[in-house]
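Hi everyone, thanks for coming.

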Amino acid sequence: MTASCNRPAPLPDRSVRPLALPAVALLAALLGACSQPQQGDPEARASRIEPVAKISLKVQKVAPGSRTGEQIYQGTCAGCHAAGALGAPKTGDAAAWAPRIAQGFDTLTKNAISGIRQMPPRGGGADLTDTEVRRAVAYLANSGGAKFAEPPVEK
Ligand code: HEC
């Protein structure tokens, strides 16, 4: 749809595709109820609804114990490590990770499990198993230049 298309139109179909969960339908109903009928840019309305659909998809849980390092990283570790919050060694920053990596995989994992200074135990992911923390440490440290083998997820 182009920006020059100002004609009012019903909500585009893609907001009610099968991926849309009940929350999206509810939001769509609320938006419909609150705004004047046929008013507002449907593109803008769709983009307001879209984030809800994305969040709903993320909520789909993977059973504890079988999450990959990347999944754990995204869900738990990125909060601090992506931006280097609280002095955390930043994801992908080889200079920050080199002295950490030099301590060895076991020490890094032990510190990540018990917590170290500003980092809470398991990065705050209380339901992470030791093996899952190990996977996440491998994923994170490897982003900074390590070559640790991430323990495989058993099927
Ligand atoms: C609340 C913020 C926060 C979260 C969430 C967090 N970390 Fe950290 N992490 C830190 C900080 C801060 C440090 C640096 C601690 C220090 O050495 O002072 C750190 C350091 C580390 C280190 C280096 C430890 C060492 O011995 O040098 C590893 C490995 C690590 N984090 C892994 C993880 C993993 C894996 C996760 C997710 C499961 C995670 N962190 C989540 C804040 C966080």
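**A first walk through the chain**

Let's start with burial: of the 155 residues in the chain, 21% are buried. By buried I mean that 20 or more other C-beta atoms lie within 10 Å of the residue's own; exposed means 12 or fewer, partly exposed is in between, and the C-beta atoms are placed from the backbone. Before going on, please keep in mind that this is a predicted model: local features need pLDDT of at least 70, side-chain atom pairs count only at pLDDT 80 or more, and totals for chains, interfaces and linings use all residues. Residue numbers start from 1 along each chain, following the sequence as written.

What is the chain built from? As for contacts, take the ones between residues at least 6 apart in sequence: 66% of them join residues at least 24 apart. A contact here is two C-beta atoms, placed from the backbone, within 7 Å.

Now the ligand. Which residues come nearest to it? Among the 30 residues around the ligand, they are Cys-77, Cys-80, Ala-88, Met-119 and Gly-123. To be counted as near, a residue needs its C-beta atom, placed from the backbone, within 6 Å of the molecule or strand in question. Helices H3 (69–81), H5 (105–114) and H6 (130–143) are the elements that give two or more residues to this shell. H3 has the largest share, with six residues. By type, the shell holds 16 nonpolar, 11 polar and three charged residues. Nonpolar covers Ala, Val, Leu, Ile, Met, Phe, Trp, Tyr, Cys and Pro; charged covers Asp, Glu, Lys and Arg; the others, Gly among them, are polar.

Let's stay with H3 for a moment. H3 has 13 residues, but its end C-alpha atoms are only 14 Å apart, short of the 18 Å that a straight helix would reach at 1.5 Å a residue. That expected span is 1.5 Å times one less than the number of residues. H3 also has a kink of about 50°, centred on Gly-75; the bend is the angle between axes fitted to the seven residues ending there and the seven starting there. The buried residues in H3 are Gly-69, Ile-72, Tyr-73, Thr-76, Cys-77, Cys-80 and His-81, and H6 is part of what covers them.

On to H6, then. Its 14 residues reach 20 Å from first C-alpha to last, close to the expected 20 Å. H6 is mostly covered, with 10 of its 14 residues buried, including Glu-132, Arg-134 and Arg-135. The cover over the buried residues of H6 includes H3, H4 (94–101) and H5. After H6 comes Gly-145, with a positive phi near 110°.

Leaving out residues up to four places away in sequence, Leu-140 touches Tyr-73, Cys-77, His-81 and Thr-91. Why does Ala-141 count as buried? Because it has 24 C-beta neighbours inside 10 Å. Beyond four places in sequence, the contacts of Ala-141 include Trp-97, Leu-108 and Phe-148. Ala-141 and Thr-91 are 50 residues apart in sequence, yet 7.8 Å apart in space, C-alpha to C-alpha.

Last stop: backbone angles. Most residues other than glycine have a negative phi. Arg-117, however, has a positive phi of about 45°, and Arg-122 has one near 55°. Arg-117 sits in the loop between H5 and H6, and Arg-122 is found in the loop between H5 and H6 too. Are they buried or exposed? Arg-117 is exposed, with 9 other C-beta atoms within 10 Å, whereas Arg-122 is buried, with 21.

Methods: Helices (H or I, at least four residues) and strands (E, at least two) are DSSP runs, numbered from the N terminus.
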